[in-house]
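Trainee: Could you take me through this structure feature by feature, giving the general idea before each case?

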Amino acid sequence: MILDTRRFFLQKAGLTGLSTIFALKSAQAMEGCDFSQTPVQPLGPFYPSSFGLDTDVDLTKINNHSARASGKLVIVSGVVQDDLCRPIQGAIVEIWQACHTGKYNHPSDTSDNFLDPDFQYYGTMKTNEKGEYLFKTIKPGSYQANETWIRPPHIHYKVSLRGYQELITQLYFGGDSLNQRDRILQELSGADQRKVVVNFDRREINGEDVLSGVFDITLKSV
Ligand SMILES: [Fe+2]
């Protein structure tokens with residue numbers, strides 16, 4: 001029997017009312033297939049050096065914590081597909097990011113920003129039979145990369161599966177003025193920037209104000 005993994009992880013994220021987001025996004029993926037790979041972006045210094053016990057799709061809640069992470073709720077979902085736009089089942093999608101203050105839970109982050117103890121800084125899941133993934137998180141804060149450079153809010157991605165080239169990239173939030181001055185994002189062509197800058201819509205889900213965005217990912221075969 002094929003498990004309904006979509007329902008399973010929506011339930012895990014407390015998001016059973018979100019099936020329409022998947023239907024919408026799957027249609028977009030079919031129509032918008034452009035056969036080009038998602039742009040690569042640097043891994044950065046803050047890929048987790050160790051993993052907590054809770055690495056599920058809901059980064060706003062940690063096991064055993066009653067409080068949820070501070071910050072603006074974000075739902076990001078998408079389809080992982082190959083370069084012929086066929087969905088890839090079983091791809092391992094990992095995300096990591098700063099909390100709402102712009103602080104990473106990593107020894108290399110030496111900033112004085114407050115570390116939110118209720119935020120799960122990393123999450124991972126496998127795509128379902130339709131190539132879909134979804135995470136519930138919060139909008140990361142911007143942070144000072146050096147004295148003259150502030151990184152805009154972004155979410156790091158690593159997507160992998162045997163038989164495909166591992167993809168490391170970063171997702172940005174459309175409309176953020178810091179995007180235009182970010183040295184990493186601006187290394188991409190305009191067309192490639194549009195693939196990693198996601199326009200988030202405001203929605204009310206289960207009585208909460210949520211930013212909802214779609215980030216589809218294309219992997220190249222090995
Ligand atoms: Fe980062």
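The dialogue below goes from confidence to the sheet, the core and a few loop residues.

Trainee: What should I settle before reading any detail?

Mentor: This is a predicted model, in which local features need pLDDT of at least 70, side-chain atom pairs count only at pLDDT 80 or more, and totals for chains, interfaces and linings use all residues. Residues are numbered from 1 along each chain as its sequence is written. The score pLDDT is the predictor's confidence in each residue, from 0 to 100. Where pLDDT is low, the predicted coordinates should not be read in detail. Here the protein averages a pLDDT of 89, and 84% of the residues score at least 70. Over residues 1-5 the pLDDT stays under 50, and the model has four contacts beyond four places in sequence for that stretch, a contact being two residues whose C-beta atoms, placed from the backbone, lie within 7 Å.

Trainee: How many helices and strands does the protein have?

Mentor: Helices (H or I, at least four residues) and strands (E, at least two) are DSSP runs, numbered from the N terminus. On that basis the protein has three helices and twelve strands. As for the reach of its contacts, among those between residues at least 6 apart in sequence, 75% join residues at least 24 apart.

Trainee: In what order do the strands of the open sheet lie?

Mentor: Two strands pair if DSSP finds at least two bridges between them. Five strands form an open sheet in the order β3-β2-β7-β8-β9, with mixed pairing. The edges are β3 and β9, each with a single partner strand, so one side of each is left without a neighbour in the sheet.

Trainee: How many residues of β8 are buried?

Mentor: A residue is buried if 20 or more other C-beta atoms lie within 10 Å of its own, exposed if 12 or fewer, and partly exposed in between, with C-beta atoms placed from the backbone. Six of the seven residues of β8 (residues 167-173) are buried, so this strand is largely enclosed by the rest of the structure. For the protein, buried residues make up 37% of the 222 residues.

Trainee: Which residues of the largest nonpolar core touch the most other members?

Mentor: In soluble globular proteins, nonpolar side chains tend to be buried together. A nonpolar core is a set of buried Ala, Val, Leu, Ile, Met, Phe, Trp, Tyr and Cys residues joined through C-beta atoms within 7 Å. The largest one has 41 residues, of which Val76, Val80, Val93, Val159, Leu171, Tyr172 and Val198 touch the most other members. Two or more residues come from each of β1, β2, β3, β4 (132-138), β7, β8, β9 and β12 (217-219), and β1 gives the most, with five. Valine 159, leaving aside neighbours within four places in sequence, is in contact with Val80, Ala91, Ile92, Val93, Leu167, Ile217 and Leu219.

Trainee: Where do asparagine 64 and cysteine 85 lie?

Mentor: Asparagine 64 lies in the loop between α2 (19-31) and β1 (73-82), and its phi is near 70°, a positive value in a residue other than glycine. With 7 C-beta neighbours inside 10 Å, asparagine 64 counts as exposed. Cysteine 85 is in the loop between β1 and β2 and has a positive phi of about 65° although it is not a glycine; with 17 other C-beta atoms within 10 Å, cysteine 85 is partly exposed.
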